[in-house]
Amino acid sequence: MATILIIDDSPTDVRVFTTLLERAGHQVFAVGTAEEGIERARAELPHLIIMDVIMPGMNGFQATRTLTRDPVTSAVPIVMITTKSMETDRVWGLRQGARAFITKPVNEKELLGCINELLSSAT
C-alpha cells in the first residue's frame with residue numbers, strides 16, 4: 001500500500017507500530033532520532049511519517065516544522081504520536097505542520113483510520 005517512515009526513539013513503540021502497519025499492508029522503515037528522520041525522509045520520500053515528540057536532540061515539533069517547510073518533503077503528511085496530551089501540545093503540533101495528533105496509548109483503529117484518510121486525501 002504505502003511506505004511509512006516512523007521517527008521514534010522507543011524500540012517498543014517502533015515494534016508495535018511496525019507490526020500494526022505491516023499487518024495492514026504498508027511498508028515500514030524506522031529511525032531513532034529526528035535528525036536521522038529528516039535525512040531519511042528527504043532521501044526516501046515516504047508516503048507518510050509517524051513522528052514521536054519527545055526524543056533526544058531535536059524534538060518532534062522541530063523536526064515536523066523542518067520537514068513541512070522543506071519543499072522536498074512538505075507534501076508528506078505527518079502524524080504526531082506522543083504521550084504529551086495537553087491541548088496546547090496538540091495545537092502546537094498542528095501549527096508546526098502535522099496533519100494529525102494522536103496521544104499514546106494508541107488505539108489501533110484510530111491510527112489506521114487516520115493514516116488511511118491522510119493517504120487517500122494525498123492521492
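**Helix 2**

I began with helix 2 and found that its buried residues pack against strand 1 (3–7), strand 2 (27–31), strand 3 and helix 3. Contact here means heavy atoms within 4.5 Å. Buried is taken as under 20% relative accessible area, exposed as over 50%, and partly exposed as in between, with a 1.4 Å probe and protein chains only. Helices (H or I, at least four residues) and strands (E, at least two) are DSSP runs, numbered from the N terminus.

I note that this is a predicted model, in which local features need pLDDT of at least 70, side-chain atom pairs count only at pLDDT 80 or more, and totals for chains, interfaces and linings use all residues. Residues are numbered from 1 along each chain as its sequence is written, and side-chain values use heavy atoms, with hydrogens and water left out.

I listed the buried residues of helix 2 (residues 34–44): Ala 34, Gly 37, Ile 38 and Ala 41. Down the helix 2 axis they fall within an arc of 100°, so they line one face of the helix. The arc is that of the directions from the helix axis to the C-beta atoms. Glu 39 and Ala 43, on the other side of helix 2, are exposed. I also looked at what follows helix 2: Leu 45, with a positive phi near 45°.

**Strand 4**

Next I checked strand 4 (residues 78–82), where 5 of its 5 residues are buried. In a regular strand the side chains alternate between the two faces of the sheet. For strand 4, I found both faces covered: Ile 78, Met 80 and Thr 82 are buried on one side, Val 79 and Ile 81 on the other.

I then looked up its partners; two strands pair if DSSP finds at least two bridges between them. Strand 3 (residues 48–51) pairs with strand 4 in the parallel sense over 3 bridges, and Met 51 has Met 80 of strand 4 as its bridge partner. The chain goes from strand 3 through helix 3 (residues 60–69) to strand 4 in a right-handed β-α-β crossover. Right-handed means that, with the strands pointing away from the viewer, the path from the first strand over the helix to the second runs clockwise.

Strand 4 also pairs with strand 5 (residues 100–103), in the parallel sense and over 4 bridges. Ile 81 stands opposite Ile 102 in strand 5. The β-α-β crossover from strand 4 through helix 4 to strand 5 is right-handed.

**Asp 89**

I placed Asp 89 in helix 4 (residues 87–95). Asp 89 counts as buried because its relative accessibility is 12%. Leaving out residues up to four places away in sequence, I found that Asp 89 touches Phe 61, Lys 84 and Phe 101.
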